[in-house]
Amino acid sequence: MDNEVVDIGGRSVVGVLPPARSRKLAKVPFVELADGRLQGVVSSGSDPARVYVSTVAAKTHALTCATNNNRPCGGLGGYPCKHLQSLMDEAVLQYGIERVARYLRVTVPPEAAKGSDLRSYMEFTRGSAPTSVVFSRFLRYLAYLELPAAADPVPEMHWFPATGAGR
Ligand SMILES: [Zn+2]
């Protein structure tokens with residue numbers, strides 16, 4: 001899907017981003033622990049029409065960051081770029097540091113201070129991630145957000161175990 005860039009009051013924004021979110025969510029509109037990765041979508045600091053797809057692999061802690069058009073992030077070296085730092089901070093806010101650490105297999109010593117930085121316990125490598133796969137998960141997530149609050153079952157949720165019994 002192409003990003004539809006719309007013009008609102010002279011400022012271009014990516015049309016797929018939901019409006020009127022809090023500042024933090026606007027910066028990291030999508031974060032999830034899935035497919036063996038911490039992955040998500042991070043707004044560009046400088047260009048409101050651009051987003052980055054950033055991922056950290058569990059176990060290897062391999063990092064990837066690229067625009068949704070698959071241009072590599074210029075800020076990514078052997079250490080997380082600012083997009084990955086935002087993604088990780090947001091993940092800790094959303095899931096809590098224990099869950100993120102467990103998922104990524106980061107060993108945080110028990111004596112570590114609460115609120116300490118997960119990154120200081122990780123050794124990073126560079127990886128390659130399916131940017132388009134992550135980005136389409138983001139688009140699907142947005143589609144769910146835009147679903148009306150009612151009624152009809154969502155076909156893609158058919159696998160979700162029905163509550164109650166009988167069959
Ligand atoms: Zn980046």
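**Entry 1: Asn 70 and the model**

I started at Asn 70, which sits in the loop between β6 and α2. Helices (H or I, at least four residues) and strands (E, at least two) are DSSP runs, numbered from the N terminus. This is a predicted model, in which local features need pLDDT of at least 70 and side-chain atom pairs count only at pLDDT 80 or more, while totals for chains, interfaces and linings use all residues. Residues are numbered from 1 along each chain as its sequence is written, and side-chain values use heavy atoms, with hydrogens and water left out.

I looked up phi of Asn 70 and found a positive value near 70°, in a residue other than glycine. Most residues other than glycine have a negative phi. Arg 105 also went into the notebook, with a positive phi near 55°. I place Arg 105 in the loop between α3 and β7 (125-126).

**Entry 2: the chain overall**

I count 4 helices and 7 strands in the protein chain. From the N terminus on, I read the order as β-β-α-β-β-β-β-α-α-β-α. The chain has 167 residues, and 37% of them count as buried. Buried means under 20% relative accessible area, exposed over 50%, and partly exposed in between (1.4 Å probe, protein chains only).

I then turned to contacts, meaning heavy atoms within 4.5 Å. Among contacts with a separation of 6 or more, 51% come from residues 24 or more positions apart.

**Entry 3: the zinc ion**

Which protein atoms are the donors of the zinc ion? I find SG of Cys 65, Cys 73 and Cys 81, plus ND1 of His 83, at 2.1 to 2.3 Å from the ion. Donors are N, O and S atoms within 2.8 Å of the metal (3.2 Å for Na, K and Ca); water is not among the atoms, so sites may look incomplete.

The angles among the 4 donor atoms are 105 to 113°, and I log the site as tetrahedral. Four donors count as tetrahedral if all angles lie between 85 and 135 degrees. The donor spacing in sequence reads C-x7-C-x7-C-x1-H. Cys 65 belongs to strand β6 (residues 62-67) and His 83 to helix α2 (residues 82-95), so this pair ties together parts 18 residues apart in sequence.

I checked accessibility at the site. Cys 65 is buried at 7% relative accessible area. Cys 73 is buried at 8%. His 83 is buried too, at 5%.

I also searched for disulfides, each a pair of cysteine sulfur atoms within 2.5 Å. The count is 0.

**Entry 4: Thr 67**

I stayed on β6, the strand that holds Thr 67. Its relative accessibility is 5%, so Thr 67 counts as buried. Beyond four places in sequence, I list Arg 50, Val 51, Tyr 52 and Thr 131 as residues that Thr 67 touches. Thr 67 and Ser 43 are 24 residues apart in sequence, with 9.6 Å from C-alpha to C-alpha.

Leu 87 is in helix α2. Is Leu 87 buried or exposed? I read a relative accessible area of 0%, which makes Leu 87 buried. Leaving aside neighbours within four places in sequence, the contacts of Leu 87 include Val 28, Phe 30, Val 31, Leu 38 and Val 42.

Not counting residues up to four places away, Leu 38 touches Leu 87, Met 88, Ala 91, Tyr 103 and Leu 104, among others. I also noted Leu 38 and Ala 57, 19 residues apart in sequence and 6.4 Å apart from C-alpha to C-alpha.

**Entry 5: α2 against α3**

The axes of α2 and helix α3 (residues 97-104) come within 6 Å and cross at roughly 120°. Axes are lines fitted to C-alpha atoms, for helices over the stretch in contact, and angles run from 0 to 180 degrees between N-to-C directions.

Which residues make the contact? From α2 I list Ala 91, Val 92 and Tyr 95; from α3, Ile 97, Arg 99 and Val 100. By class I get 5 nonpolar, no polar and 1 charged residues. Ala, Val, Leu, Ile, Met, Phe, Trp, Tyr, Cys and Pro count as nonpolar, Asp, Glu, Lys and Arg as charged, and the others, Gly among them, as polar.

Key:
Four donors count as tetrahedral if all angles lie between 85 and 135 degrees; four count as square planar and six as octahedral if opposite donors are over 155 degrees apart and all others between 65 and 115; anything else is irregular.
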